[in-house]
Protein chains: 2
Amino acid sequence: MMVKELSQAANVSADSVRYYTRIGLLKPERDRNNGYKLFTDTDVKRLRFIRRAQSLGYTLAEIQHILDHAHSGKSPCPLVRDIIRKRIEDNRVKLDELKALQERMENALQDWEQRGDGVPDGDTVCYLIDLAGEE
Amino acid sequence: MMVKELSQAANVSADSVRYYTRIGLLKPERDRNNGYKLFTDTDVKRLRFIRRAQSLGYTLAEIQHILDHAHSGKSPCPLVRDIIRKRIEDNRVKLDELKALQERMENALQDWEQRGDGVPDGDTVCYLIDLAGEE
DNA sequence: CTTGACTTGTGTGTTGCTCACAGGTTTATA
DNA sequence: TATAAACCTGTGAGCAACACACAAGTCAAG
């Protein structure tokens, strides 16, 4: 199975398959004639696993880690739980930051709608932004 | 004024100052002897503007654009409003995605807390992830 | 046997930094 | 005055997760 076929079997872009191979998440054999990547049915499963894990918030590095761990025969489940706990925390922080940003942006825009335009001088590029507070 | 002094004057890391210079957001003179960057008071203002704009959600590329526009003498204000309107929309999408992700992660973890560990076999790496749904 | 459609691999660009590194400069001490 | 330590500099590379460009290879139709 070559890149395109695998990518369709797992509903993933061909470029992603190539990328995963590049970083070692997939390790296809190579066609001796032309160097093409050759995948197996196991790779389809592996790729589906990768996407499912990704949709749960795992990074590719973490998935790599989980796969390595599983390959050693031990249960990756505790690791899987630990990682997602941290990811949940991190995501909460990011979420809060984004919410705050969204508010700042909306407030600024609402304020700006009322005001006219200004021409830049030596001191201000755009007073709309300049007056948006210090922090 | 050299990198460190500017960075302190605007409360920015020295590496960020170097980065902004690299991408052309700041354009210091160079010391003929040693090639060191030489900044002026105007650069302090410019750098503060950059950070304020960033805290409002503008990307560096957009800030670059705004500065260029202002340099041509025209008012950048309409541009500034347009950009932030788009940024607000984009951010809303990202926010929704992150919220959905957070829910998926929390649901998965809650589910997983009840279950034991499994050992990987040929078909599943970690059934916790595998049973997390198809989509 | 040539045209054209399709695919492949690899290289590069993306965002906003941060870190590593080798070297230059300033300051303190002997 | 020499020298060592502390600090600063510029540049190059790395990060995440792809998307895109591009030349070269493959395959079927005519």
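What rotation superposes chain A on chain B? In this predicted model, the answer is 180 degrees, with 0.0 Å of shift along the axis and an RMSD of 0.1 Å. That is the relation of a two-fold axis. If you want to find the axis from chain A, look for Leu95(A): its C-alpha is the nearest one in that chain, 3.4 Å from the axis. The interface fits this picture, since 100% of the interface residues of chain A are also interface residues in chain B, so the copies meet through the same surface.

Now let's move to DNA strand C. It is surrounded by 20 residues, and the closest are Lys4(A), Arg22(A), Lys37(A), Tyr19(B) and Gln54(B).

Some individual contacts are worth a look. Arg22(A) reaches a base instead: one of its polar side-chain atoms lies 2.8 Å from a base nitrogen. The elements giving two or more residues to this surface are helix H1 (3-9) and helix H2 (14-22) of chain A, along with helix H2 (14-22) of chain B.

Which element gives the largest share of the surface near DNA strand C? That is H2(B), with 5 residues. By residue type, the surface divides into 7 nonpolar, 6 polar and 7 charged residues.

Key
Residues numbered from 1 in each chain as written. Chains lettered and ligands numbered in written order. Predicted model: local features only at pLDDT ≥ 70, side-chain atom pairs only at ≥ 80, totals over all residues. Heavy atoms only, no water. Near = heavy atom within 4 Å. Polar contact = N/O pair within 3.5 Å; in protein donor to acceptor, adjacent residues only side chain to side chain. Helix = DSSP H or I, 4+ residues; strand = E, 2+ residues; numbered from the N terminus. Nonpolar A, V, L, I, M, F, W, Y, C, P; charged D, E, K, R; others polar. Least-squares fit on C-alpha atoms with pLDDT ≥ 70 in both. Contact = heavy atoms within 4.5 Å.
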